Amino acid sequence: MDGLLVRIKSRMFIHAHRKALHLLDGEYGSLVTGRSMDFEDLRSYVAGDEVRDIDWKATARHGSTLVRRYTALRRQTVHFVLDTGRNMAARAADGEAKSDVALTIVGVLGYLAVRHGDEVSLLSGDSERTIRLPARSSENHLERVLRAIDAAHGLDAPPSDIDRALRLVARMVRRRAIVVVVTDDTLLGPEQTRLVRRLRAQHELVWVTVGDLDPLRYAGAAAVDDGWRIPEALRGDRRLTAELTRSIDDEIRARQEMFDDLGVSHRRIARVDDVVPSLLHLLKARSRA
């Protein structure tokens with residue numbers, strides 16, 4: 001049976017535009033602000049490259065535009081912090097499992113990290129369990145991370161509680177690192193906001209929200225916690241459905257504004273096919289911040 005990483009890489013290279021993958025690989029270094037970089041080699045310019053990276057002398061000699069490529073002088077650690085509680089067994093925008101979207105996010109960013117010589121670790125859990133895997137830099141280790149995430153998700157999982165994982169990171173991860181949080185489509189409460197402020201001060205913090213399924217698009221959609229469904233009689237009420245749509249849009253906007261105010265890079269991703277372009281958008285925004 002193919003490994004999870006093999007499947008994710010296949011999706012990346014088959015469904016994502018080649019140029020987008022190249023740009024995503026180039027933007028990976030923006031995860032660490034002020035990262036110390038060392039010159040590695042030259043490559044051909046592609047749309048989206050920074051003008052400041054063009055080597056004008058080499059360009060003149062070669063006859064085509066060349067840019068300098070850099071590598072980090074110090075290996076970084078990427079800590080993936082995931083909600084593996086029951087909420088992540090729900091459905092995302094196109095009816096895909098939210099856990100599949102989360103798994104793809106970790107697989108893509110983890111693959112980039114390993115390609116760049118960085119280490120990846122996992123700290124995930126819910127209201128009852130904590131799953132930890134140490135930092136390592138290899139595709140075999142990333143496969144173990146992905147399998148641990150995949151095994152933890154399910155409708156029989158305990159309730160979600162991302163706060164437990166955030167508290168563990170704040171207490172246990174002392175050295176400055178890259179912390180990537182992948183969690184459910186909810187607004188931050190006061191305790192989460194306090195933890196986010198602390199982690200933002202301690203680390204390079206990236207927050208990815210896995211978007212919920214639109215309950216109006218799918219008849220029979222039910223909440224994973226209590227099974228609640230929108231009554232069929234209400235689906236035909238244009239005023240009520242318009243209010244629900246407006247409420248969902250307002251919540252998405254409020255969440256983004258909250259992360260902007262906190263100075264945290266945030267992206268809401270609701271489809272597996274949106275993972276590569278959305279992560280590219282997030283990393284490019286960081287590089288320009």
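1. Contact, as used in these notes, means heavy atoms within 4.5 Å. The model is a predicted one.

2. Helix 7 itself runs over residues 190–202, which is 13 residues. From its first C-alpha to its last it reaches 19 Å, close to the 18 Å expected at 1.5 Å a residue.

3. Which residues of helix 7 are buried? They are Gln192, Thr193, Leu195, Val196 and Leu199. Seen down the axis of helix 7, the buried residues fall within an arc of 165°, so they line one face of the helix. On the face of helix 7 turned away from the buried side sit the exposed residues Pro190, Arg197 and Ala201.

4. The sheet is open and has 6 strands, in the order 5-4-3-6-7-8, with mixed pairing. Its edges are strand 5 (130–136) and strand 8 (265–269), each of which pairs on one side only. On average, neighbouring strands of this sheet are turned by 15° against each other, direction ignored.

5. Within the sheet order, strand 3 (residues 77–83) pairs with strand 6 (residues 178–183) in the parallel sense, over 5 bridges. To find the pairing in the viewer, take Val78: its bridge partner in strand 6 is Ile178.

6. Helix 5 (residues 139–152) lies across strand 3, strand 4 (119–125) and strand 5, and runs at about 170° to strand 5. Helix 10 (residues 275–288) lies across strand 7 (204–210) and strand 8, at about 165° to strand 8.

7. How many residues does the largest nonpolar core have? It has 47, and those with the most contacts inside this core are Phe80, Ile105 and Val182. Helix 4 (residues 98–115) gives the most to this core, with 10 residues. Not counting residues up to four places away in sequence, Ile105 touches Val182, Val208, Val210, Ile269, Val275 and Leu279.

Key. Residues are numbered from 1 along each chain as its sequence is written. This is a predicted model: local features need pLDDT of at least 70, side-chain atom pairs count only at pLDDT 80 or more; totals for chains, interfaces and linings use all residues. Side-chain values use heavy atoms; hydrogens and water are left out. Two strands pair if DSSP finds at least two bridges between them. Helices (H or I, at least four residues) and strands (E, at least two) are DSSP runs, numbered from the N terminus. Axes are lines fitted to C-alpha atoms, for helices over the stretch in contact, and angles run from 0 to 180 degrees between N-to-C directions. The expected span of a helix is 1.5 Å times one less than its number of residues. Buried means under 20% relative accessible area, exposed over 50%, partly exposed in between (1.4 Å probe, protein chains only). The arc is that of the directions from the helix axis to the C-beta atoms. A nonpolar core is a set of buried Ala, Val, Leu, Ile, Met, Phe, Trp, Tyr and Cys residues joined through side-chain atoms within 4.5 Å.
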